[in-house]
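Start with how the interface is sized.

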Amino acid sequence: MSDFRAMFVGFPDFNVSENFFPNIDLQDKLNWAEEFIQNVLIPRLPEAVAAHFPVELGTILVMFACAGIFVAVVPLLPLVLVLAERKVAARFQNRTGPMRVGPWGTLQTLADGIKLIFKEDFIPPQGDKLLFLLAPYIIFACSFAVFAAIPFGQSILVSPFNIGIFYIMAISSVIVMGVIMAGWSSNSKWSLLGSLRSAAQIVSYEIPLGLSILTVVMLVESLSMVAIVESQSNGVFSWLIFRTPFTFIAFFIFFISSIAEVNRTPFDLPEAESEIVAGFHTEYSGMRFALFFIAEYANMFAVSAIAVTLFLGGWEGVLPGYDILGGLPGFVIKTLALVFLMMWLRWTLPRLRVDQLMNLCWKYFIPIAFFNILGTGIWGLIFPEDTLVSIIISCAIIYIGLIIAYTIAGRTLAQKPEPQPS
Amino acid sequence: MDFTLTNFIFYGFALMTVGSALLVVTVRNIVHAAFSLMVTLFGVAGLYVFLQADFLAATQVIVYVGGILVLILFGVMMTSGRLEMRIHIERGQLLLGGVVALALLTLLLTVIANTPAWKNLTDDGTELPPTTEKIGELILNGPFLLPFEVVSVLLLVALIGAALISRKEVRD
């Protein structure tokens, strides 16, 4: 069981009121914190206290507690992911990676974290001190705010709002502001160049990202993350990636664009080590640098989680009615699989040039994404309901398309002349 | 004024909006002004959320913060070397600006005073239905279809114009 409900069942004399915890009821409530206090907390308090309990203040406290959970748990992700990244990189390069600190080097990131905390917090004297200090917090806060809308399980979500995916897009578009702020206030050309590159890249790739999200929204007819996941509850073939051939393409556009959004190789121009030192966070040190790092890995996890929610069934399992790859564990496994894919790509592909980056976005992804929207609309007209027939046709088209793509790709790659060593 | 969550949120966002808007016009450094504008836009988005216009709030953040403000900052960083500017204001400009500001204030106050729904608005804790569907219906299937399409064409023209202007240098 991966529900909040499960946590409460063991509670002594706790009445799981059907009015409060049924999923739909809870998920439609914007201010569930107030409901929680009114219906769950106050009845449990002694009467003298309950009469004077400040519900408003309590609501704010519950919201702060939710935020606190995220601020406490999410930084643990980088702790694991950084180590995973280094281990994956090492394996790809036939090394062992960090081995000294702890068994198999598992405590390496912790040691690095402690080191970063004790390092000097250097502020460039010529820079803009206020903005320099503020920038990491903006990026950090925005990457954390995204988690508020991600449904980790049927009831494990902070805010079930109606515009979930749109909110995520809005908040993640603010990260650019933090990046520009960091780059400009450092008073360093590397930082400024990095931040301008990053801003151009994020603003560009937001378009195919948004358009591929739109295909999902068109099929589900809702912006709510909960509704999107619930529409995929009939096993693996009802996952939105297999629902139509167009969402299949949209998934790949979404995933590649989100790699570009989080500035990872092959799209890591904003922090290209060989050209501009470390990009927008060149001048940062100590804990502020760590904040950037945490935000980066939290972002990586967040975009994978969004991809899982939108296309790979979210908390819904492979088979309808069974919890295989479902619930919170399933969600995390699917997300981590995508994170691993990102690492795999990072250590396999070389970095793109600026013109290649922009060409890929504007000349390939955006037209394909528009085509996807058109196609999804037509598909929705032909098959207004998802039937067995529509899913079989969809999967057949995907299968044939993959074979054709594989053959064409194989031929074109084979025809390419080998680069001559000069 | 009794302390309620809604009051608290409202005055918080109002303070945020007005305070940072004041900073935008008083601060000398243009980049600081741009970043204060970000706070203002966030405050306005917060007020939209407060009015349960969630879709509008998210659109506000995407369009203004994620798009327009980034472009403003791009422009500032790429063009101006001197960021601290002393702007000389002549008396004629002051007068003209004052007149325009006064006219705008009168207009806004009239609109606020004459909006009937405004006075009847009470906070009884009910949640209004989500606005997304209604907005979509009105824009794509209702009375605002034509204005929406006209605006789209206008934006398309602006886009093509921008592309044309920026490509000119390549041809020379």
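Buried area is the accessible area (1.4 Å probe) that two parts lose on being put together, summed over both. By that definition, about 2,500 Å² is buried between chain B and chain A. This is a predicted model: local features need pLDDT of at least 70, side-chain atom pairs count only at pLDDT 80 or more, and totals for chains, interfaces and linings use all residues. Residues are numbered from 1 along each chain as its sequence is written.

**Interface of chain B and chain A**
- Carbon and sulfur atoms give 82% of the buried area.
- Chain B puts 29 residues into the contact (heavy atoms within 4.5 Å), and chain A puts in 29 residues.
- On chain B, the elements giving two or more residues to the side that touches chain A are helix 1 (5-26), helix 2 (30-50) and helix 3 (54-79).
- Helix 3 of chain B gives the largest share of that side, 14 residues.

**Nonpolar patch on chain A**
- A nonpolar surface patch covers about 1,000 Å²; its residues include A:Ile69, A:Val80, A:Phe118 and A:Met287.
- Helix 5 (55-73), helix 6 (76-92) and helix 7 (108-118) of chain A each give two or more residues to the patch.
- Helix 7 of chain A gives the largest share, four residues.
- Patch residues have over 30% relative accessible area and no salt bridge, with nonpolar side chains (Val, Leu, Ile, Met, Phe, Trp, Tyr) joined within 5 Å and like charges within 9 Å.

**A:Val80**
- A:Val80 lies in helix 6 of chain A.
- A:Val80 has a relative accessible area of 54%, so A:Val80 is exposed (over 50%; buried is under 20%, partly exposed in between; 1.4 Å probe, protein chains only).

Conventions: Chains are lettered from A and ligands numbered from 1 in the order in which they are written. Side-chain values use heavy atoms; hydrogens and water are left out. Accessible areas come from the Shrake-Rupley method with a 1.4 Å probe; for residues, only the protein chains shown count as cover. A salt bridge is a side-chain nitrogen of Lys or Arg within 4 Å of a carboxyl oxygen of Asp or Glu.
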